[in-house]
Amino acid sequence: MHDAGEKLSVREKVGYGIGDAAANFIFQTMLVFQLAFYTDTFGITAGAAGTLFLVVRFWDAIFDPMMGVVADRTKTKWGKFRPWVLWTAVPFGIVAFLAFTTPPFTAVPPA
């Protein structure tokens with residue numbers, strides 16, 4: 001764990017940068033392809049997909065600061081943030097996979 005005035009080594013900076021790059025690679029891929037997948041493959045309207053994205057962004061605006069407080073208050077022998085990066089890697093991968101999965105549901109025509 002580092003003191004407030006202690007500098008990170010180049011190795012630590014590169015390590016955190018590689019981890020962040022990997023997460024952002026998945027995140028950016030999802031952003032680029034998700035709307036087309038939801039409208040063209042999944043079959044929902046662009047308005048419904050846009051509403052979904054809007055609701056998720058509002059949720060992020062509330063949840064992210066709360067998670068930041070939780071992460072700031074985390075005290076482990078590995079530091080504040082490393083456990084969160086490690087503990088959320090697999091769930092993040094699963095959610096990224098599920099975001100592009102089309103379940104075998106049948107459409108019910110409107111009455």
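Predicted model: local features only at pLDDT ≥ 70, side-chain atom pairs only at ≥ 80, totals over all residues.
Let's call two residues in contact when their heavy atoms lie within 4.5 Å. Residues are numbered from 1 along each chain as its sequence is written, and side-chain values use heavy atoms, with hydrogens and water left out.

Q34 sits in helix 1, residues 10–41. Helices here are DSSP runs of H or I with at least four residues, numbered from the N terminus. Q34 counts as buried because its relative accessibility is 12%; the scale is buried under 20% relative accessible area, exposed over 50%, and partly exposed in between, with a 1.4 Å probe and protein chains only. M30, F37 and Y38 are buried in helix 1 too, and the buried residues of this helix pack against helix 2 and helix 3 (82–99).

Now look along helix 1 itself. Its 32 residues should span 46 Å at 1.5 Å a residue, and the end C-alpha atoms are 44 Å apart, so the two values agree. The expected span is 1.5 Å times one less than the number of residues. There is a bend of about 45 degrees at F33, the bend being the angle between axes fitted to the seven residues ending at a residue and the seven starting there. Just after the helix, G43 takes a positive phi of about 90 degrees.

What makes up the largest nonpolar core? M30, F37, Y38, A49, A96 and A99 do, 6 residues in all. A nonpolar core means buried Ala, Val, Leu, Ile, Met, Phe, Trp, Tyr and Cys residues joined through side-chain atoms within 4.5 Å. In soluble globular proteins, nonpolar side chains tend to be buried together. F37, one of the core residues, touches F42, A99, F100, T101 and T102, again not counting residues up to four places away in sequence.

Over on helix 3, P83, A96 and A99 are buried, and the buried residues of this helix pack against helix 1. Helix 3 has 18 residues and reaches 25 Å from its first C-alpha to its last, close to the 26 Å expected. Helix 3 also bends, by about 40 degrees at A89, with a proline, P91, following within four residues.

Next, the loop between helix 2 and helix 3, where you'll find T74. T74 counts as buried because its relative accessibility is 12%. The side chain of T74 reaches the backbone oxygen of V70 at 2.9 Å, and a polar contact of 2.8 Å joins it to the side chain of W84. A polar contact is a pair of N or O atoms within 3.5 Å; within protein, one must be able to donate a hydrogen and the other to accept it, and residues adjacent in sequence count only if both atoms are side-chain atoms. Beyond four places in sequence, T74 touches G79, K80 and W84.

Finally, how many salt bridges does a search of the whole structure find? It finds 1, taking a salt bridge as a side-chain nitrogen of Lys or Arg within 4 Å of a carboxyl oxygen of Asp or Glu. D60 forms a salt bridge with R57, the closest N and O atoms being 3.6 Å apart. These two are separated by about one helical turn because they are 3 residues apart in helix 2, residues 46–73. D60 counts as partly exposed at 25% relative accessibility, and R57 counts as partly exposed at 43%.
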